[in-house]
Amino acid sequence: MKIGELAKSTQTQVETIRYYEREGLLPSPLRSEGNYRIYGPKHVARLSFIRNCRSLNMTLNEIRTLLAFKDAQQGDCDGVNELIDTHIAHVASRIKELRKLERQLKELRETCMEARATNQCGILAELSAHPRQATLKSKSVSGHIGGLHSKSL
């Protein structure tokens, strides 16, 4: 099948497929005489695996590691379990950070309980009064964006 067919069958954008190829997650396909990429069932299965991992918010490095375990076939899965346990811990940490953010936003919302002129808005005044400490880390850690998988320091 050509790249468009692979994209349609896996509900993946063509550019994403090419990106996964460049990143080494998806093996380069054979080429036709007309230089079209030709994909097979193994590409569909691998791309589906990658998409399932991405739906669980795994980084490309985590996916790369899981693919290495999957490709090895003869090793044990302790490393897989360890990776998933670490991922679960990161997700739990992120949930905690998001709950803290939610509390902060609710407190901020309580500073303006009725419609007023904007120069009397409690929310705008609070946001202007002093800098807030960021609840979510803005640096990317382990390839995650917006503090995902970051460790509390």
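Tutor: What follows goes from the core to a tyrosine pair, and then to a pocket and a histidine in its lining.

This is a predicted model, in which local features need pLDDT of at least 70 and side-chain atom pairs count only at pLDDT 80 or more, while totals for chains, interfaces and linings use all residues. Residues are numbered from 1 along each chain as its sequence is written, and side-chain values use heavy atoms, with hydrogens and water left out.

A nonpolar core is here a set of buried Ala, Val, Leu, Ile, Met, Phe, Trp, Tyr and Cys residues joined through side-chain atoms within 4.5 Å, where buried means under 20% relative accessible area, exposed over 50% and partly exposed in between, with a 1.4 Å probe and protein chains only. The largest such core has 17 residues, of which Ile 17, Tyr 20, Leu 25, Leu 47, Ile 50 and Ile 63 touch the most other members. Two or more residues of this core come from each of helix H1 (3-10), helix H2 (14-22), helix H3 (41-55) and helix H4 (60-72), these being DSSP runs of H or I with at least four residues, numbered from the N terminus. H4 gives the largest share, 4 residues.

Tyr 20 counts as buried because its relative accessibility is 7%. Leaving out residues up to four places away in sequence, Tyr 20 touches Leu 25, Leu 26, Leu 47, Ile 50, Arg 54 and Leu 60, a contact being heavy atoms within 4.5 Å. Tyr 20 also forms an aromatic pair with Tyr 19, tilted, at 6.1 Å centre to centre and 50° between the planes; rings of Phe, Tyr and Trp (its six-membered ring) pair if their centres lie within 6.5 Å, with planes under 30 degrees apart counted as stacked, over 60 as edge-to-face and the rest as tilted. Tyr 19 has 33% relative accessibility and therefore counts as partly exposed.

The lining of the second largest pocket includes Pro 27, His 43, Phe 49 and Leu 67, and its largest share, 5 residues, comes from H3. A pocket is an open set of points on a 1 Å grid over the protein atoms alone, where a 1.4 Å probe fits, with protein on both sides within 12 Å along at least five of seven lines, and lining residues have an atom within 4 Å of a point. His 43 lies in helix H3 and is buried, since its relative accessible area is 12%. Beyond its neighbours within four places in sequence, His 43 is in contact with Leu 6, Leu 26, Pro 27, Ser 28, Pro 29 and Ile 38.
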